[in-house]
Protein chains: 2
Amino acid sequence: MTKRAPSPHEIDARAREMLGDLKRAGLKLTAQREAIVRHFASDATHPTAQELYDRLRPEFPQMSFATVYNTLDALAAAGLSGTLRVGQAARFDPNTTPHHHVVCEACGAIGDVPAPSLAPSPAAVKRLGRAAPGFRVRAVERIYRGSCAACARAEREENVS
Amino acid sequence: MTKRAPSPHEIDARAREMLGDLKRAGLKLTAQREAIVRHFASDATHPTAQELYDRLRPEFPQMSFATVYNTLDALAAAGLSGTLRVGQAARFDPNTTPHHHVVCEACGAIGDVPAPSLAPSPAAVKRLGRAAPGFRVRAVERIYRGSCAACARAEREENVS
DNA sequence: TTGCACTTTAGAAAGTTTCTCATTACGTTC
DNA sequence: GAACGTAATGAGAAACTTTCTAAAGTGCAA
């Protein structure tokens, strides 16, 4: 949830890893892709395509919107990026470790919640067996909805007055 | 998951309930709202606004798209409808009992999975305390991703050949 | 029955995502 | 190191989803 700015070294490490994986997947390394990955790789804010595009504009004023989508699609196809839908626009997530999300319904902030695994629990499998017979579960995605620390504090103060 | 057609009696019962609640919430009963509720109240397919609009067109050829959104917003404000985001378009859900969803990643079908409660488990609260300190959880939403019975069968047969 | 406030309609507009196609350029091959 | 084939980019159009506006219509309380 906290938007701690990763050190340049961290950015480079994850970005380099992603670029290597992209190349290994048979994709070409272009300047645009490198820039997108550099901005996206360690971004924990779950940016939209628009937000990434805006951030890249100063560096690549002539870049097309389609290139942002193309690259994010390529990253997703290579398993290097996930998609999160909690509003009109899709949000992209470079975190490929198992995790869930917290969503603040007041300010819209999104955070990661590490999880040991996305596999369904035995209890969930049992319920699924009844509710959707024959369904084969691959992963369970959880969204914790509520109020982030700052908004929860604001709500408490509002209730006091 | 199965799209069992509810009997006319079931449709009327839930629709009547919804319309009564709408009126109780201080909203006016119009012919359009009645038609939308009649089509939506017992629909377990999680339709998009477009799908509802298409279904209503034969009956109300002059109805506006905005009316569908207005009515669904009104239902949501009255707590009679929920929203589900698993693709570009929002999907609407008349089921107001605690439940999660299964989503078939092959065909896109969506189903309900009844749950005793949407409150977070103690284990989840503990993890959240570490990952997002101060976050106040209101509800946990789960999406079970995988393959529905029909698509899972098709995948098995494909693997055999 | 009247009148007010809420609804509806039609279309424009805003926002998101995909597509087309001509041009560019990565990366392999020679 | 040059040439080539293929993949990627750019620009804009287009498709799709959702919201907004203004004028006309209508439910319902008084």
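**Figure 1. Chain A, read from one end to the other, follows the pattern α-α-α-α-β-β-β-β-α-β-α.** That gives chain A 6 helices and 5 strands; helices (H or I, at least four residues) and strands (E, at least two) are DSSP runs, numbered from the N terminus. This is a predicted model, in which local features need pLDDT of at least 70, side-chain atom pairs count only at pLDDT 80 or more, and totals for chains, interfaces and linings use all residues. Residues are numbered from 1 along each chain as its sequence is written, while chains are lettered from A and ligands numbered from 1 in the order in which they are written. Along its principal axes, the C-alpha trace of chain A spans about 55 × 45 × 30 Å. Of its 161 residues, 25% count as buried (a residue is buried if 20 or more other C-beta atoms, placed from the backbone, lie within 10 Å of its own, exposed if 12 or fewer, and partly exposed in between).

**Figure 2. Here is strand E3 of chain B with its two partner strands.** Why is strand E3 (residues 99–104) of chain B largely enclosed by the rest of the structure? The reason is that 5 of its 6 residues are buried. E3(B) pairs with strand E4 (residues 110–114) of chain B in the antiparallel sense over 5 bridges; two strands pair if DSSP finds at least two bridges between them. Look for B:His101, whose bridge partner in E4(B) is B:Asp112. In the hairpin of E3(B) and E4(B), 5 residues lie between the strands, and B:Gly108 takes a positive phi near 85°. E3(B) also pairs with strand E5 (residues 136–147) of chain B, this time in the parallel sense over 4 bridges. There, B:Cys104 stands opposite B:Gly146 of E5(B).

**Figure 3. Chains A and B meet along a shared surface.** A rotation of 180° with 0.0 Å of shift along its axis superposes chain A on chain B, with an RMSD of 0.1 Å (copies are superposed by least squares on the C-alpha atoms of residues with pLDDT of at least 70 in both). The two copies are therefore related as by a two-fold rotation axis. In chain A, the C-alpha nearest the axis belongs to A:Arg142, 2.3 Å from it. The contact takes 31 residues from chain A and 31 residues from chain B, where two residues are in contact if their C-beta atoms, placed from the backbone, lie within 7 Å. Which strand gives the most to the side of chain A that touches chain B? E5(A) does, with 12 residues. E5(A) and E5(B) pair in the antiparallel sense over 11 bridges, and the bridge partner of A:Ile143 in E5(B) is B:Glu141.

**Figure 4. Residues of both chains gather around DNA strand D.** Of the 29 residues around DNA strand D, those that come nearest are A:Ser64, A:Thr67, B:Leu29, B:Ala66 and B:Ala90; a residue is near a molecule or strand if its C-beta atom, placed from the backbone, lies within 6 Å of it. Helices H2 (31–40) and H4 (65–77) of chain A, with helices H3 (49–56) and H4 (65–77) of chain B, are the elements giving two or more residues to this surface. H4(A) provides the largest share, 5 residues. The surface near DNA strand D divides into 13 nonpolar, 12 polar and 4 charged residues, where Ala, Val, Leu, Ile, Met, Phe, Trp, Tyr, Cys and Pro count as nonpolar, Asp, Glu, Lys and Arg as charged, and the others, Gly among them, as polar.
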